[in-house]
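Reader: I want to learn how to read a ligand site and a nonpolar core. Where do we begin?

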Amino acid sequence: MNDPSKHPTFFTKVPVKGAATSADDPVPPKTGNALPPQPTAAYVPRCVLLDTEAKVVSSILRERPPGRKWRYHPKCVHWRSAGAANNWAYGYHRHGATMMATIEKSVQFQVDQCGAAFGGFVVLHSLAGGTGSGLAGSYITEQLRATYPAATIINQVIWPFAQGEVIVQNYNLVLTLAKLTQTSNAVLVLFNDHLHRICQSRLAIASPSFADLNRIVAHLLARLLPHNLVPPAAGFPLITAYYGPQIPAAAVPFTTLTWSGVLNPLMQMARTHTPTDEGLPWDVRDAADPRACVWNGATVVLCGRGRGDAADGARAFRGLGGKVRVVGAREVESAAGEPDKWAAVVGPTSALAAPLARGACKTARAHVPGPARFRHQYARFGAARTDAFAGSDWCCC
Amino acid sequence: MPQSLVIQVGQCGNQIGSRFWEQALAEHSQTNRKAIYDESMATFFQNIERRGKRRAAVPVGDGTGQIKGLEARGLMIDMEEGVINAMDGSPLRELFTPDQILTATSGSGNNWAVGHHHYGVQYGDHLRDMIRKQAEACDALQSVFLIHSLGGGTGSGLGTRIAAFLADELPDVYRFATVVAPSPQHDDVVTSPYNAVLALRHLAEHADAVVPVENQALMDICAHAGVTDPKADTKPFGAMNQIVAQLMLNMTASMRFPGSLNVDINEITMNLVPFPALKYLLASMSPVAVRPAAGAPAASVRVDRRVDQMFTEAFQPEAQLIKCNPRTSVYVACAAMARGALQVSDLRRNIDRIQKQLQFVWWNQEGWKTGLCHVPPATTTESLLTLSNNTCIAQSFAGIKTRFMKLYTRKANMHHYTEYMEKAEFTDALASLNSVIAEYRQVERDPGPQDVEDDDWEAWARAQVRGRVGSGMNGV
Ligand SMILES: Nc1nc2c(ncn2[C@@H]2O[C@H](COP(=O)(O)OP(=O)(O)OP(=O)(O)O)[C@@H](O)[C@H]2O)c(=O)[nH]1
Ligand SMILES: Nc1nc2c(ncn2[C@@H]2O[C@H](COP(=O)(O)OP(=O)(O)OP(=O)(O)O)[C@@H](O)[C@H]2O)c(=O)[nH]1
Ligand SMILES: [Mg+2]
Ligand SMILES: [Mg+2]
């Protein structure tokens, strides 16, 4: 999205001190909110950046890709130096109140910029660390819900790799999801394992980096967010998404796509919880198959030419279960170098049960029977086992 | 960015500390060629401008200011003068002002009780002042690293006293102790088992995490790399200390430099210490660069091969900084912290591979914490540090205990200690060590719940959630 003027959903134009649009203006300061002078009108994304440590946001602020015609509002970037130690309790109890006080004005500013068109918030965070889970997913989301009761809140959450990342990730994710079921309208779960697999097996990236994974997430979000993603049933806001086609950019000019070629595998991916169209279990034919995922309604998002044919193909998604809506991607057209047909399906599915069960059951296992492992780490920041984990009984422990 | 203090105590602590500061400067000057005082530099250093007698700390500000003069965030403490005086005239000595140094003249004579009780009391208030002063010079002090040996008198005795002062003065600041444990063979200090056991009890109480290293392991690594001391009967302390210094730099790299998967120092304790008593972290590194280019595979080897080799080596018994074999014991948790141009998929590939070769405790089967820091160490293109909480540490502790008992049952040298402390301190310290050994052994032997299969848990939980989606559907 290099041209912000075409995307009013995501950008606003405001006078910003020190905001400039060219790539050659001075590098912004690395700490605090000190600003160079001279207000100029500039496009800023409708967003607030937040972390409990400095390294990530300050390197984001220093990014100046050529051709970008917008920049972050310097007053909407906030950080601390302590970090949250991969500890939900540290993020929630220690950073929550003070950080909220800091970002309140930025949030209000962005809401004001939206005027009557304000619809709600999208909170982007991971589930495994301490900041995304405890601060953003739990505390901030709770406060936004309290302050803006009518707003739609969507949390886009990154599910950790199953293996080898953050040891206490299951604690953090269970604590966060327990909160989110109370506060969020839709929790869009994207799995790092899936993103990694898409990169390696479909996008021909031998050694995917987080930047590669994030490109997929960003692309997907830009196309999904303009639509209503809130699932119909209250009490289970978790949704996930599958998309296709997945083609390396270099191969796009040599690929001819048909809507059935895009939609048939997508349907099967959704039915069998498979992130790519590689190795799909085609023998799972209908919802009656015990291996098939149960869906409670879905939204099919189509983007590209020949949507009439597409809508025909999309009807097959009714087989997933629940009410199925088919919508076109209004905001984004396929850019040069992107496939001319693209589709995604998003909604609440029982596929989320397995990883959730894994997370929850790992946590449960660590608690019963025997002593509460890692308890002293959470207790250090004010989360006694009972109060912190009490809300998580909905998922099993 | 948060800051850290380094407190080096006794001969061993100060000798390792010297290497640490030397290598820290080398590492930062390599990435920071314009000599800017930035956040990363501010972790371990203050920027001081001097005009005549006036001394002023220059803050990081917008991160573009020049380095005026660097001062270490740390303290040098020894109860004799020799080691610290030997640094006079060296550039390192410039990093410390007189109020960061405390020396006495007679040493602790390899007697823990002298360091802990005699000097601990005599210099207690003074040390607390020194600590407070260093803490006040930080705007976000997060951790303190103590470096000392366990075998002598000053490091083990006064060093552990300082750990208690830190807990008292700076309760929210994480306390890491990098300690050199005496080797079972040819250790030069007769009373080292006493000193080690007495010191370990206080570390158990006051440290958030302890990274013990053994001189025997360091010597073997050096010998393997072809580094020996010219005087054949002495230890090559220079190279050995370089390894320990490198360990500390690798441990803190991710907090000082950018990376795609940062590991802050407080994440180490969070992920690796599931119970307060199980806080001993076994370290290993690959490649071990004890002299330029030693141990580093040729740059011509493909990066992914180099990376895979690095992971394989770091999990070999020979790479561990304690003489032990973690592969035949149980992992409670393991951190793999990489530096250099690695990607998340390099971690995935290697952890999937290595996980199969290791045995993890039943309740932490996927007990991995990983990190990626983009800035490599000064001497190699990439490196891997592993920190594992492994039950094999109980064997090392049991070895120390056996040697302790040999002296203790004969009451050897005991009167030198009881001159400064109650005899009961021996029994208390022994009880503390016994309980650490017992806790690790219990974890090692714990077979896990026999009644519930892993699959049962999952099936049960899945049914719960399926029920949720299903019942939601009834509503539409
Ligand atoms: N897709 C994707 N996942 C990421 C990225 N960075 C971190 N993760 C994942 O996020 C989890 C770690 O959480 P972080 O977001 O780094 O933690 P945090 O919210 O900053 O919390 P603390 O660092 O503990 O204060 C792991 O599951 C990582 O795989 C990224 O850029 N992209
Ligand atoms: N790795 C390493 N070990 C050392 C070094 N210096 C001493 N040691 C070991 O440390 C133990 C002796 O402790 P020292 O640090 O010399 O003693 P101290 O803390 O100065 O205490 P006193 O001399 O008794 O006042 C022995 O086990 C030595 O092998 C060193 O530079 N490097
Ligand atoms: Mg973080
Ligand atoms: Mg000495």
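Author: Start with who builds the shell. This is a predicted model. Helix 1 of chain B gives the largest share of the shell around ligand 2, four residues.

Reader: Which helices of chain B each supply at least two residues of that shell?

Author: Helix 1 (10-31), helix 6 (154-169) and helix 9 (237-256). In total, 22 residues surround ligand 2. B:Gln15, B:Asn110, B:Thr154, B:Gly155 and B:Asn241 are the closest.

Reader: How do the shell residues divide into nonpolar, polar and charged?

Author: Three are nonpolar, 14 polar and five charged.

Reader: Which atoms should I look at next?

Author: Look for N or O pairs within 3.5 Å. A polar side-chain atom of B:Gln15 lies 2.5 Å from an oxygen atom of ligand 2. For B:Ser149, a polar side-chain atom is 2.9 Å from a ligand 2 oxygen atom. B:Cys12 uses a backbone N or O atom, also 2.9 Å from an oxygen atom of ligand 2.

Reader: How much of the accessible area of ligand 2 does the protein cover?

Author: 95% of the 640 Å² that ligand 2 has on its own.

Reader: Now the core. What is the general idea?

Author: In soluble globular proteins, nonpolar side chains tend to be buried together. Here the largest nonpolar core has 164 residues. B:Trp21, B:Ile77, B:Ile162, B:Ile268 and B:Leu387 touch the most other members. Helix 9 of chain B contributes the most, ten residues.

Reader: What is B:Ile268 in contact with, leaving aside neighbours within four places in sequence?

Author: B:Phe176, B:Met251, B:Val263, B:Val273, B:Leu281, B:Met337 and B:Leu387. There is also a second, separate core of 47 residues. Its members include A:Val217, A:Leu229, A:Ala344 and B:Leu347.

Technical notes: Residues are numbered from 1 along each chain as its sequence is written. Chains are lettered from A and ligands numbered from 1 in the order in which they are written. This is a predicted model: local features need pLDDT of at least 70, side-chain atom pairs count only at pLDDT 80 or more; totals for chains, interfaces and linings use all residues. Side-chain values use heavy atoms; hydrogens and water are left out. A residue is near a molecule or strand if one of its heavy atoms lies within 4 Å of it. A polar contact is a pair of N or O atoms within 3.5 Å; within protein, one must be able to donate a hydrogen and the other to accept it, and residues adjacent in sequence count only if both atoms are side-chain atoms. Accessible areas come from the Shrake-Rupley method with a 1.4 Å probe; for residues, only the protein chains shown count as cover. Ala, Val, Leu, Ile, Met, Phe, Trp, Tyr, Cys and Pro count as nonpolar, Asp, Glu, Lys and Arg as charged, and the others, Gly among them, as polar. A nonpolar core is a set of buried Ala, Val, Leu, Ile, Met, Phe, Trp, Tyr and Cys residues joined through side-chain atoms within 4.5 Å. Buried means under 20% relative accessible area, exposed over 50%, partly exposed in between (1.4 Å probe, protein chains only). Contact means heavy atoms within 4.5 Å.
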